[in-house]
Amino acid sequence: MSLGKLGYYNPEKPLENRITDIGPPHYEQFFPPVIKRNYGKWLYHEILEPGVLVHVSETGEKAYTVRVGGARLMSVQHIREICDIADKYCDGYVRWTTRNCVEFITDSEEKAKALKADLDSRKFPKGSYKFPVGGTGCSITNIVHTQGWIHCHTPATDASGIVKSVHDELFDYFKNMTLPAKLRISLACCLNMCGAVHCSDIAILGVHRKPPMIDDEVLAKICEIPLVVAACPLGAIRPAKTEDGRKTVRVNQERCMFCGNCYTMCAAMPLADSEGDGVAILAGGKISNRKSAPKFSKVIIPYIPNEPPRWPKVCETIRHIVEVYAKDARKYERLGEWAERIGWEKFFEKIGIPFTEKSLDDYRLAYDTYRTTTHFKYTEHVWEVAKAVGGV
Amino acid sequence: MSAEGEEKLWETKKYDEVRIYKDEEIWNYTDEELANYKCKHDTPLLDQLEEGPWPSFVSDIKQEALHRHKLPEDKLLIPADVCDDLLGQVELSYVEKETHWKHGGIVGVFGYGGGVIGRYSDQQEKFPGVAHFHTLRVNQPASKFYKTDYLRALCDIWEYRGSGLTNMHGSTGDTVLLGTFTEQLEPVFFDLTHDLGVDLGGSGSNLRTPSCCVGKARCEFACYDTQDICYELTMHYQDELHRPAFPYKFKFKFDGCPNCCVASIARSDMSYIGTWKDDIRIDQEAVRAYVAGELKPNAGAFGGRDWGKFDIQKEVIDLCPAGCMEWDGKELKVNNKECVRCMHCINVMPRALRIGTDTGCSILFGAKAPILEGAQMSMLTIPFIRVEKPYDAIKDIVDKVWDWWMEEGKNRERVGELIQRKGVQEFVTKVLGIPAIPQMAKEPRSNPYVFWSEDEVPGGWQRDINEFRKRHPR
Amino acid sequence: MASLDEIKKVIVDFATNTKKSKFYFKDMEKAVQKVIPDAKSREIKKAATALINEGTLVYFSTGSSTMYGLKGRGISLETEETGKAD
């Protein structure tokens, strides 16, 4: 590799020796030999124990996979340790899954067993596992998430910290396959959802609740007003003048949906706020077409305050939802399928969380979620309404 | 050095040919030093995230912090304490519950409109190591298989010219290099393209880095070659990936079967989901083995709990959404004409049932996260198409959709929103030039507000009021 | 049909005179098609890419969407925000 501050790059001639449009390296060169030999020839697979899979090919060959969970944020030292392990057991090959698990693939069961023992034995100095084996079958595998306070400019919450805390809370569910179906948890640190968490069994979503402040003194100097106006997806920002004649903008606060796009364009419009920000919990979504169609996650708790470093209320709430679901749902039933079968009113009753007006949709296309049948189940909610109208 | 003909550079290339650090420089600290490492800033809140069983990102960042401090000065081109300063700044966020990052818009590599996300600290005095903390998105190899030689080389570049911190991987699928200074963006890009043979991924109003499931590499359910088409379309549309001219982002995702492991149906503008059109293959012997309890249902996915004896009637036949299966105690029958290929029975009995052999994919359009009009899932548009090299038919469809979207789309309008605004009829019949079919809708529309066009009505719309009045006096 | 150079010229005129110092591809496309009605979006993109490679235009990305601008025109967020231009 190049050395020195500029390396191969010559700022005087930026186009000199510039290589562009080469795309990714070809995937095939990175396939372990057993994968290459059996490409497209797989017959079936089996989970031998949590985190360990075998895939059997029509050639008779077998590929053993050991899956480990972990933080998506990874140092190069951690990756090098993964490389050392892959060199020792897997001929120098390794892969990541869509949900950021690491998979080590070998061609023999003995190697897979030794590998698993090795992985389970590696810990950071303060005791957390480096490479916990699990995340297969009816378990809770890696929580996919966004950047949060580590790297994002519009987050309403952290990502890595809550995710670590929730994983600690649910560690047994990662290690064991005890749930009625797989359960997928995701986190996005604001409603722009870089992480597209909107179809997860349980989604943790950062929400702002205060419109941006406007730094009148510097706004015109550091931001371009037409761009700021154009940045608002809801057209809620207009050009304005301060009393002393400075150019600035004003926000129609009633229309603000707290997305932070204005702050992206203009650092003079910060919206983060320790009291305003927090997380919403959504539930019941899924991606797979298995049995029922893919579903969106629904807002079941509109707001929980941020409680760093370990977000106890979020952890406790999610653990409780998982436990009630695990106990009550039928085999093969995803969380959303269970909620639909028992009825969402029963879902709220069983989980024991209040249903608030915030769970009734008042955005566009809201009608889709109104109940337009007389089919319902009697829960305490019904009597609240009956009492309110003097009907009981 | 050029990339032409070097797509498979790493078949022969070795880490040792390009490495920056010696082995003794990489593992240059003891366990004891690591256990006693004192970060430059006090981080009592973050320290609590070192406890508990789940891998701690705080412990990992500290490991990199210590490692950097022990490297010789001339082996680091951005501050040695970038990791300490990151922890310091994040600790401050933990105290104040607010982020300290600002957006930085104009950074990038020359000639590309995407691939770099600019970021600056708003606490540069306190945390100079993260004054700039820009991210590079590096196009991941399909299905994220790696050779360790390649990964080690990437690690060296990123430790030398960046923070040494990554995301494996970003939400879209890229290998994400997290945090460097502006002056290092070009040198990193040159190293990546010259020595690693890898390019940046997409960001902004581009084609975003396409991604795919594990596919035929290690899954018996793959109905088409997800890696090959992912690679081929990524290469074919490099210009669209690097040089933004779209109204907004556009994503391709490739799922090999309806289990949808890369979530294409929820998060890609154009979702490719494998399917088949012949019969599910059945091994009756194996079905009986499942019923007899000799084989574990769902490949052992339920192994952690005693669910009682496997009941094929209750667990397969009754749960089939199409109700197209029968079990008479000896033989399993599938009425394949009624099957909707949901994968449930195949998932439950992978040794007995297999996907058909006449395979292709369904193409769906328009999924997106909630900004702006609310979240959308992709709409089934082309129920079955063959997925065969060189994918000309599929490229034709892509080009038609892009031409329309570039012409009609508003700034920051995803194709799914445009389809809603302009009407799905226009998209289907005019843009794609295909007939409308019942598979495209959950049910026919219930409102009667049909926008008839003039040429659909005999005699047209131009009528003579005087002629009318002859029949109908005022 | 208009040549690449003609399109480039119209783009530079637009980029110099428009009120916004940064604009979406779409805005640039409309401006070009006002002057050269038969200019196709792919040609306009080619011209814009050429201007980028010559260093006349620059990209501005918010991460989620991308804009174009004349180099040096308008407020450079980078310089303003960090106080150091690299």
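1. A residue counts as buried when its relative accessible area is under 20%. By that cut-off, buried residues make up 60% of the 392 residues in chain A. For chain B, the figure is 62% of 474 residues. Note that this is a predicted model.

2. Secondary structure, chain by chain. Chain A has 12 helices and 12 strands. Chain B has 18 helices and 16 strands.

3. Overall dimensions. Along the principal axes, the C-alpha atoms of chain A fill a box of roughly 75 × 75 × 40 Å. The C-alpha trace of chain B spans about 95 × 75 × 50 Å along its own principal axes.

4. Contact order deserves a remark. In chain A, take the contacts with a separation of 6 or more: 64% of them come from residues 24 or more positions apart. In chain B, among contacts between residues at least 6 apart in sequence, 66% join residues at least 24 apart.

5. Surface make-up. Chain A exposes about 15400 Å², and carbon and sulfur atoms supply 52% of that area. Chain B has an accessible surface of about 18300 Å², with 49% belonging to carbon and sulfur atoms.

6. Charge. Chain A carries 53 positive and 48 negative side chains, and the centres of these two sets lie 2 Å apart. Chain B carries 59 positive and 76 negative side chains. In chain B the centres of the two sets lie 7 Å apart.

7. A:Phe376, A:Tyr378, A:Trp383 and A:Val392 form it. Together these residues have about 470 Å² of accessible area.

8. The class runs between the buried limit of 20% and the exposed limit of 50%.

9. Is A:Asn252 buried, partly exposed or exposed? It is partly exposed, because its relative accessibility is 35%. A:Asn252 is found in a loop of chain A. That loop runs between strand β10 (247-251) and helix α8 (261-265).

10. A:Pro211 is 41 residues away along the chain. The C-alpha atoms of A:Asn252 and A:Pro211 are separated by 9.0 Å.

Notes:
Residues numbered from 1 in each chain as written. Chains lettered and ligands numbered in written order. Predicted model: local features only at pLDDT ≥ 70, side-chain atom pairs only at ≥ 80, totals over all residues. Heavy atoms only, no water. Patch = residues over 30% accessible without salt bridge, like charges linked within 9 Å, V, L, I, M, F, W, Y side chains within 5 Å. Areas by Shrake-Rupley, 256 points an atom, 1.4 Å probe, with all protein chains shown as cover. Salt bridge = Lys/Arg side-chain N within 4 Å of Asp/Glu carboxyl O. Helix = DSSP H or I, 4+ residues; strand = E, 2+ residues; numbered from the N terminus. Buried < 20%, exposed > 50% of the residue type's maximum accessible area, 1.4 Å probe, protein only. Contact = heavy atoms within 4.5 Å. Lys, Arg positive; Asp, Glu negative; His and termini not counted. Charge placed at Lys NZ, Arg CZ, Asp CG, Glu CD.
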